[in-house]
Amino acid sequence: MRNFDFAPLYRSAIGFDRLAQLFDDAQRNDATPSYPPYNIELIAEDKYAITMAVAGFDRSELDIESERDTLKIVGRKQKDETQKNYLHRGIASRDFEHRFRLADHVKVVSARLDNGLLSIELVREVPEAYKPRRILIDGDNLQLVQSQAA
């Protein structure tokens, strides 16, 4: 009962292939990274934050890239040339690559590294052309509909 076939959606809907692909990707559990641990927080209606624990990584070893609907965070540790003899090694220092899918109009605002936590702020900025407009009957002008909160 857990497997869904989205083939009918692919052949009967136009322009929703990205939505079906998101569902397909979400069903796959094999590529779900668990390192490094992270939080996704809803700060306000259109503001989000990703906090990732990247202890031991320097700013120069982290790369953040935003392209279209994907946010990619890559950590590449510098190789330590000195040989160490560990009695116990519990601190992970492996490379990672983590991808987040971004909704339409979500953009990265800032990123900072503080005390081993990488914080990335995101905001959804809907263009004026996509906001609802009130159309007056027998009128020539369009008026922007004010939101319920305003």
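This is a predicted model: local features need pLDDT of at least 70, side-chain atom pairs count only at pLDDT 80 or more; totals for chains, interfaces and linings use all residues.
Q: Where in the chain is Asp 69 found?
A: Asp 69 sits in the loop between strand E3, which covers 62-67, and E4.

Q: Which side chain does Asp 69 touch through a polar contact?
A: The partner is the side chain of Thr 70, at 3.3 Å.

Q: What is the place of Thr 70?
A: Thr 70 belongs to strand E4, which runs over residues 70-75.

Q: Which residues is Thr 70 in contact with, leaving aside its neighbours within four places in sequence?
A: Setting those neighbours aside shows what the fold brings to Thr 70: the contacts are Glu 65, Arg 99, Phe 100, Arg 101 and Leu 102. Two of these names, Arg 99 and Phe 100, come back below.

Q: How many bridges join E6 and E7?
A: Strand E7 takes in residues 117-124, and its antiparallel pairing with E6 runs over eight bridges.

Q: How do I read salt bridges, and how many does the count come to?
A: Look for a side-chain nitrogen of Lys or Arg within 4 Å of a carboxyl oxygen of Asp or Glu. The count here is six salt bridges.

Q: What salt bridge does Glu 61 form?
A: Glu 61 is bridged to Lys 77, with 3.5 Å between the closest N and O atoms. This pair links distant parts of the chain, 16 residues apart: Glu 61 is in the loop between strand E2 (47-53) and E3, and Lys 77 is in the loop between E4 and strand E5 (96-101). Glu 61 counts as buried because its relative accessibility is 8%.

Q: Which residues are linked with Arg 76 in a network of salt bridges?
A: The network takes in Arg 76, Glu 97 and Arg 99. Within it, the side chains of Glu 97 and Arg 99 form a salt bridge of 2.9 Å, N to O. Glu 97 has a relative accessible area of 35% and is partly exposed.

Q: How far apart are the closest N and O atoms of Lys 107 and Glu 125?
A: In this salt bridge they are 3.8 Å apart. Lys 107 lies in strand E6 and Glu 125 in the loop between E7 and strand E8 (133-135), so the pair ties together parts 18 residues apart in sequence. Lys 107 is partly exposed at 44% relative accessibility, and Glu 125 is partly exposed at 42%.

Q: How do I read aromatic pairs, and how many does the count come to?
A: Check the distance between ring centres, then the angle between the planes; an angle over 60 degrees is called edge-to-face. There are three aromatic pairs by this rule. One of them is Tyr 38 with Phe 100, edge-to-face, at 5.2 Å centre to centre and 90° between the planes. Tyr 38 lies in strand E1 and Phe 100 in strand E5, so the pair ties together parts 62 residues apart in sequence. Tyr 38 is partly exposed, at 32%, whereas Phe 100 is buried, at 8%.

Q: What aromatic pair do Phe 57 and Phe 96 form?
A: Their pair is edge-to-face, with 5.3 Å from centre to centre and 80° between the planes. Phe 57 is in the loop between E2 and E3 and Phe 96 in strand E5, 39 residues apart. Phe 57 is buried, at 7%, and Phe 96 is buried, at 4%.

Q: Which residues form one aromatic cluster?
A: The cluster is made up of Tyr 35, Phe 57 and Phe 96.

Terms used. Residues are numbered from 1 along each chain as its sequence is written. Side-chain values use heavy atoms; hydrogens and water are left out. Helices (H or I, at least four residues) and strands (E, at least two) are DSSP runs, numbered from the N terminus. Contact means heavy atoms within 4.5 Å. Two strands pair if DSSP finds at least two bridges between them. A polar contact is a pair of N or O atoms within 3.5 Å; within protein, one must be able to donate a hydrogen and the other to accept it, and residues adjacent in sequence count only if both atoms are side-chain atoms. Buried means under 20% relative accessible area, exposed over 50%, partly exposed in between (1.4 Å probe, protein chains only). Rings of Phe, Tyr and Trp (its six-membered ring) pair if their centres lie within 6.5 Å; planes under 30 degrees apart count as stacked, over 60 as edge-to-face and the rest as tilted.
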